[in-house]
Amino acid sequence: MKEILNFINGEYVSTGNWFDKFTPYDGRLIARVAEAGRAEVDAAVRAAREALHGPWSKLAVADRSELLYAVADEINRRFDDFVEAEITDMGQPEHFVRHVDVPRGAANFKVFADVVKNVPNEFFEMATPDGRGALNYSLRRPVGVVAVICPWNLPFLLMTWKLGPAMACGNTVVVKPSEETPQAAALLGEVMNKVGIPKGVFNVVQGFGPDAAGEFLTTHPQVAAITFTGETRTGAAIMKAAADGARPVSLEMGGKNAAIVFADCDMDEAIAGTIRSTFANCGQVCLGTERIYVERPAFEEFVTRLKNAVEKMKPGAPTDPESGMGPLISQEHRNKVLSYYQKAVEEGATVVTGGGIPEMPDALKGGSWVQPTIWTGLPDTAAVVRDEIFGPCCHIAPFDTEEEVIRRANDNPYGLACAIWTSKLQRAHRVAAAIEAGIVWVNSWFLRDLRTPFGGAKQSGIGREGGVHSLEFYTELKNVCIKL
Ligand code: NAD
Ligand code: 6OD
């Protein structure tokens with residue numbers, strides 16, 4: 001049986017406690033994972049703390065960047081191993097993992113290695129009463145040991161999205177991957193050792209959240225900052241933990257993202273884009289669309305075409321080239337999604353397609369499969385139109401005016417992302433400006449330039465990462481004032 005371990009101070013560390021890892025697509029037990037307790041979390045934070053004052057922080061920025069380029073190159077050299085780790089952890093189609101999740105692992109290190117080399121510092125010359133004057137300039141310094149708490153959807157992409165900037169800024173890190181997806185983080189330890197990242201700079205503790213590795217890490221007094229991706233409820237608990245010690249948090253949290261489809265849009269593009277935004281990764285993308293508003297003249301056409309496209313999407317095993325969709329991450333998450341499928345019917349939805357469990361071949365019957373599902377006919381107050389479900393499903397509603405759709409799209413506690421489909425330039429700008437979300441895509445979805453600010457409004461997040469915005473979180477800015 002494969003064993004997945006912690007990675008502390010450059011070494012793989014086992015523990016006396018193990019938990020099982022099953023694949024989501026056939027329910028097979030594939031590994032046992034060594035769960036970190038307080039002792040391992042302490043050891044990881046201690047190693048990170050020592051490394052902070054060792055060679056890592058003394059490296060010139062350009063030399064640190066060179067090491068991070070080497071990390072990216074080694075990820076690319078081990079590309080197939082990361083693909084294997086991600087498909088057995090997450091169960092998504094191999095082509096999706098190869099083209100979306102794993103390449104971003106390398107890019108996340110490369111881009112931030114570039115960003116930190118190109119940050120201008122502020123400089124102010126000032127007058128003083130004695131006429132001699134003074135010069136002010138700013139220096140950026142690492143924050144310290146950063147705790148990185150990760151979710152299970154797109155595990156490698158989301159973990160490295162935090163590690164890239166944290167390490168590029170000279171911090172040391174302790175990562176806690178989701179208990180559902182432990183493999184890529186463990187594998188990354190081999191990459192770090194191979195390219196010569198100093199011991200203790202990158203550490204991994206495996207395990208769960210509350211009263212376990214996650215909480216031990218976020219409450220650890222030597223952790224200087226916490227960066228988190230996951231559910232809003234968990235983010236709020238982490239914020240409370242961070243208040244003890246007044247430590248900064250960067251929180252990327254849940255969403256209930258709207259798509260707005262105007263009748264003037266390119267309908268082929270809107271359908272293809274919505275198929276991706278609603279069903280990619282089996283709907284387990286925080287930026288994904290779960291509420292769709294379609295201008296009334298285009299409503300029937302949009303519903304019919306989306307239904308036809310969805311019904312062509314066959315769920316299947318990750319390595320099946322015909323697979324259009326993978327499973328949900330776990331049976332527990334499937335129960336949650338299916339409870340919403342049932343709620344939709346109880347609330348009076350018209351089930352346009354799906355709504356249940358697909359018939360799968362015997363070899364895949366142990367997986368957490370659900371049908372891709374479309375509903376219409378519900379008011380915006382219905383649970384499936386308000387709550388984040390995080391599954392392959394959406395509700396489609398008609399609208400009549402621009403003002404109305406902006407109000408309805410904004411009438412939700414979350415504010416992560418929105419996709420607008422229109423061919424009218426002025427309308428695109430108007431609606432994008434009025435939408436309460438951290439990210440708005442026009443005639444596209446999940447098109448990412450890593451230099452841009454990324455994060456959520458309202459209950460979808462606190463703070464922005466990406467490009468120089470990441471530096472605001474991962475560095476302390478210090479002013480030096482020199483009297484002349
Ligand atoms: P989750 O909040 O359940 O878990 C995330 C991580 O937090 C896991 O590693 C978990 O073990 C840990 N954790 C849980 N309780 C903790 C505690 N009390 N203290 C410390 N750590 C704790 O989220 P998930 O189910 O893994 O991921 C899905 C959620 O993540 C969805 O809500 C999705 O929208 C959100 N998400 C948001 C973004 C974004 O960029 N905004 C990106 C991806 C996922
Ligand atoms: O692209 C990114 O940087 C990012 N954080 C994506 C988040 C996807 C959510 O599932």
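Predicted model: local features only at pLDDT ≥ 70, side-chain atom pairs only at ≥ 80, totals over all residues.
A polar side-chain atom of Asn-153 lies 2.8 Å from an oxygen atom of ligand 2, and Cys-286 places a backbone N or O atom 2.8 Å from an oxygen atom of the ligand. As for cover, the protein hides 100% of the 310 Å² of accessible area that ligand 2 has on its own.

Now take in the whole shell. There are 13 residues around ligand 2, and those that come nearest are Arg-104, Asn-153, Trp-161, Cys-286 and Arg-448. Sorted by class, the shell has 9 nonpolar, 1 polar and 3 charged residues. Helix α6, spanning residues 155-168, gives the largest share of the shell, with 3 residues.

You can find Asn-153 in the loop between β8 (145-149) and α6. Is Asn-153 buried or exposed? Its relative accessibility is 5%, and buried means under 20%, so Asn-153 counts as buried. The side chain of Asn-153 also reaches the backbone oxygen of Gln-284, at 3.1 Å. Leaving aside residues up to four places away in sequence, Asn-153 touches several others, among them Met-90, Leu-158, Val-285, Cys-286 and Phe-390.

Next, step back to the protein chain, which is divided into domain 1 (2-253 + 460-483) and domain 2 (257-449). Taken over C-alpha atoms, the centres of the two domains are 31 Å apart. The contact between them takes 25 residues from domain 1 and 30 residues from domain 2.

Our last stop is helix α14, made of residues 402-410. How many of its 9 residues are buried? The count is 7, so this helix is mostly covered. The buried residues of α14 are Glu-402, Glu-404, Val-405, Ile-406, Arg-408, Ala-409 and Asn-410. What do they pack against? Their neighbours are the strands β13 (257-261), β14 (289-295), β17 (393-399) and β21 (457-458), together with helix α15 (425-434).

Terms used: Residues numbered from 1 in each chain as written. Chains lettered and ligands numbered in written order. Heavy atoms only, no water. Near = heavy atom within 4 Å. Polar contact = N/O pair within 3.5 Å; in protein donor to acceptor, adjacent residues only side chain to side chain. Areas by Shrake-Rupley, 256 points an atom, 1.4 Å probe, with all protein chains shown as cover. Helix = DSSP H or I, 4+ residues; strand = E, 2+ residues; numbered from the N terminus. Nonpolar A, V, L, I, M, F, W, Y, C, P; charged D, E, K, R; others polar. Buried < 20%, exposed > 50% of the residue type's maximum accessible area, 1.4 Å probe, protein only. Contact = heavy atoms within 4.5 Å. Domains from an automatic or database assignment.
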